[in-house]
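Work through the exercises below with the model open beside you. Try each task before you read its solution.

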Amino acid sequence: MIYGLILNILLWFGLYLIVSLSLNMEYGYGGIPNFGKAISVLVGAVVVGGIITRILIAIYKVKTAYGFSTATSAASNELTQAIAHNPALGFFLLISTLIIAIALGCIVGAVFILPSARLREDYLAITLLAIAETFTMVCYYNPVIIGSYYGVSVPDFLAFISGEKKYVVFTAVVLVLAFLTYLFFERLLNTPYGRLLKAMRENEDVIRVYGRDLMRVRVMTMAVGSGIAAMVGVLLSFYTLRVQANSFMITGRTLWTFYPFLIILLGGAGNNRGVVAGTLIFVTVMEVIDFYKTSIVSFLHLPVEAVWLEYILFGVMMLLILYYKPEGIIPEKPIATPPIKRAYETRKVSKRGVREEY
Amino acid sequence: MPGMEVLTGALIYSNLLVLLAVGLTLAYITTAVPNFAQGSFAVVGSYTALTIYRLFNIHPYVSLPIAFLAGGITGLASYVLVLKPLIKRGASVVTLMIATLALDLILLGLRGIYAGYLGKLTGSSCEMFMFTYLDFPILGVPGILVISTLVIILTFSVLFTLLYKTKFGIALRASMENPDLAEVMGVNVEYTRMFAWFLAGALAAMAGCLLPFKQEIVPSTAEIIIVSIFAASIVGGLNNIYGALIGGYIVGMSESLFTYYLSTIFGAGMLVYGKVVALAIIIVTLLVAPQGIISVDWKKLYRRWFS
């Protein structure tokens with residue numbers, strides 16, 4: 001039981017870490033209030049459910065006379081059978097899907113911010129949220145894209161492993177990808193580009209004064225952020241072996257926009273280590289609630305599902321963080337550029353970045 | 001030509017959107033924060049009406065004033081408990097927006113729990129409901145059209161009288177135009193903000209009370225409608241109350257009529273894409289006239305094009 005809980009925590013830690021790190025680049029570093037983060041996860045799911053399945057249907061020449069959903073399960077079954085005998089095929093499926101998802105995520109991210117890239121942050125947030133909600137709704141209402149309500153079946157890239165072990169290997173794959181994402185963002189944001197983002201967050205005019213195009217920086221940031229987060233949509237689909245649009249309908253904004261924001265603010269915006277800490281705490285709380293939900297509900301004599309309590313709890317938690325600890329558990333540190341490092345050494349600057357003496 | 005049914009449906013929807021957008025705009029003008037929980041305020045009204053109908057068998061039209069109060073209290077509580085402490089701490093706009101997102105999530109959770117309780121109490125599920133079967137024709141047109149139009153007329157005449165004929169209205173307008181200056185002149189800006197949030201919640205709840213006559217209330221109603229509310233406020237101009245009036249009709253009519261025309265060409269499947277129209281309106285407005293239609297200098301445009 002406890003073993004299962006820990007494994008669950010590790011799996012969701014990996015998934016949420018990828019999304020939160022990418023949102024941290026957009027919001028924590030760049031100050032872009034991306035209230036439509038869920039769209040990038042949905043893009044990953046669309047790549048698996050709408051593109052990969054179609055490629056498979058074409059490869060295995062499955063008849064689509066009985067509808068798209070039925071055809072996908074036949075095609076996915078064929079590939080799953082093939083992977084069971086040939087592990088390399090499963091590996092190839094995962095890598096190629098991830099690459100397609102990252103590419104499409106980048107494109108969607110860039111297009112997604114184009115209409116509002118020049119606008120103030122409140123209009124920016126409204127537009128991003130509106131686009132994400134509309135896109136989710138179109139995927140939900142249009143059965144052609146990812147099978148809508150009934151969903152589509154997805155091949156199992158770990159078909160060569162059976163039973164309990166498959167779950168462990170899957171979690172390991174997610175954790176490796178999350179670790180690579182962490183390294184990627186650590187490297188990417190410790191460059192002049194990372195400092196440019198922080199400058200943009202503090203004051204947009206500074207960016208213009210130094211001759212940078214605000215719109216270009218924003219478009220680029222959103223492209224990278226959405227591309228990385230699209231991986232999570234792929235992993236989620238491979239985890240459940242199904243893609244269903246209605247799983248994004250009510251919970252999409254909560255799970256993949258609100259919770260990542262909560263994680264970032266909990267851990268500390270603009271700092272990747274804080275995001276790791278925030279993700280760990282958040283996912284542990286979430287999974288423990290999930291683990292004990294039946295006993296919580298019966299203890300409180302509630303005639304309802306525990307998910308509503310979870311929403312209230314996390315909503316209140318967000319408000320408390322905003323009010324009492326807006327800088328998070330691990331506050332952002334000044335960037336260690338060579339001059340600042342020298343200043344540390346000569347003790348002209350304290351660890352908090354405040355000048356003590358001249 | 002679309003039939004009468006389509007036109008009345010479009011009008012009803014526009015009326016409700018106006019009510020929702022006015023609240024959003026009022027809260028934005030006074031506190032400078034786009035309220036992402038506006039859709040949930042509407043759902044408060046829907047559930048107030050449902051509770052009164054199921055428990056006391058009172059028609060939802062009669063419970064409009066109670067919905068007004070319930071929504072108003074929700075709006076006021078949201079401001080006093082959530083936003084005011086943050087504003088006092090000098091929180092940024094983004095922080096306030098995230099706070100309204102959190103508020104929306106809390107209201108969604110409360111809705112779920114309340115619907116569960118009400119369902120258990122009345123013995124039938126309260127997750128999805130409609131009031132269409134309760135409607136009756138007034139003078140040959142659907143009752144909901146008459147009632148929603150009356151509510152709009154009443155709201156705007158009261159609002160107009162309040163803003164332009166009373167001392168409180170002058171103070172209110174002053175603190176909307178320039179909060180700092182108004183404060184120097186002895187206006188308590190806090191009151192105007194509280195008033196605006198009360199009204200935002202109250203008007204939204206009235207719209208929510210009437211919404212089940214037009215479409216089904218589902219757990220995701222608040223999320224579905226928020227795009228249209230923002231579209232209405234933005235196209236009219238987020239900085240002007242009358243912008244919400246114009247914007248509500250533009251978005252409501254084009255959502256209904258445009259999807260209707262598409263459905264005559266491509267089939268009934270197009271009717272669900274109303275939100276795509278709303279989104280397109282937001283984007284076009286932001287690209288062409290970011291301050292909304294109300295800010296466009298029509299005389300200047302006319303002179304440029306026709307002389």
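**Exercise 1: Confidence in chain A**

This is a predicted model. Chain A has an average pLDDT of 87, and 95% of its residues score at least 70.

Task. Find which residues of chain A have a pLDDT below 50, and decide how to read them.

Solution. 
- Step 1. The pLDDT is below 50 over residues 354-358 of chain A.
- Step 2. Look at the contacts of this stretch. Beyond near neighbours in sequence, the model gives it five contacts.
- Step 3. Where pLDDT is low, predicted coordinates should not be read in detail.

**Exercise 2: Phe91(A)**

Solution. 
- Step 1. Now compare sequence and space. Phe157(A) is 66 residues apart from Phe91(A) along the chain, yet their C-alpha atoms are separated by 6.8 Å.

**Exercise 3: Two helix pairs**

Task. Describe how α12(A) crosses α15(A), then how α1(B) crosses α10(B).

Solution. 
- Step 1. Two packed helices are described by the angle and the distance between their axes.
- Step 2. Helix α12 (residues 251-267) and helix α15 (residues 306-324) of chain A have axes that come within 10 Å and cross at roughly 35°. This crossing is left-handed.
- Step 3. Residues in the contact include Tyr259(A) and Leu262(A) of α12(A), and Phe314(A) and Met318(A) of α15(A). The contact has 10 nonpolar residues, one polar and no charged.
- Step 4. In chain B, the axes of α1 (residues 4-31) and α10 (residues 241-266) come within 7 Å and cross at roughly 145°. The crossing of α1(B) and α10(B) is right-handed. Its contact has 16 nonpolar, eight polar and no charged residues.

**Exercise 4: Where the chains meet**

Task. Say which helix of chain B gives the most residues to the side touching chain A.

Solution. 
- Step 1. The contact takes 39 residues from chain B and 37 from chain A.
- Step 2. Helices α3, α4, α9 and α11 of chain B each supply at least two residues of its side.
- Step 3. α4(B) gives the most, with 19 residues.
- Step 4. By class, the chain B side has 31 nonpolar, five polar and three charged residues.

Definitions and conventions: Residues numbered from 1 in each chain as written. Chains lettered and ligands numbered in written order. Predicted model: local features only at pLDDT ≥ 70, side-chain atom pairs only at ≥ 80, totals over all residues. Axes fitted to C-alpha atoms, helices over the stretch in contact; angles between N-to-C directions. Helix = DSSP H or I, 4+ residues; strand = E, 2+ residues; numbered from the N terminus. Left-handed = near helix turned anticlockwise from the far one by under 90°. Contact = placed C-beta atoms within 7 Å. Nonpolar A, V, L, I, M, F, W, Y, C, P; charged D, E, K, R; others polar. pLDDT = per-residue confidence, 0-100.
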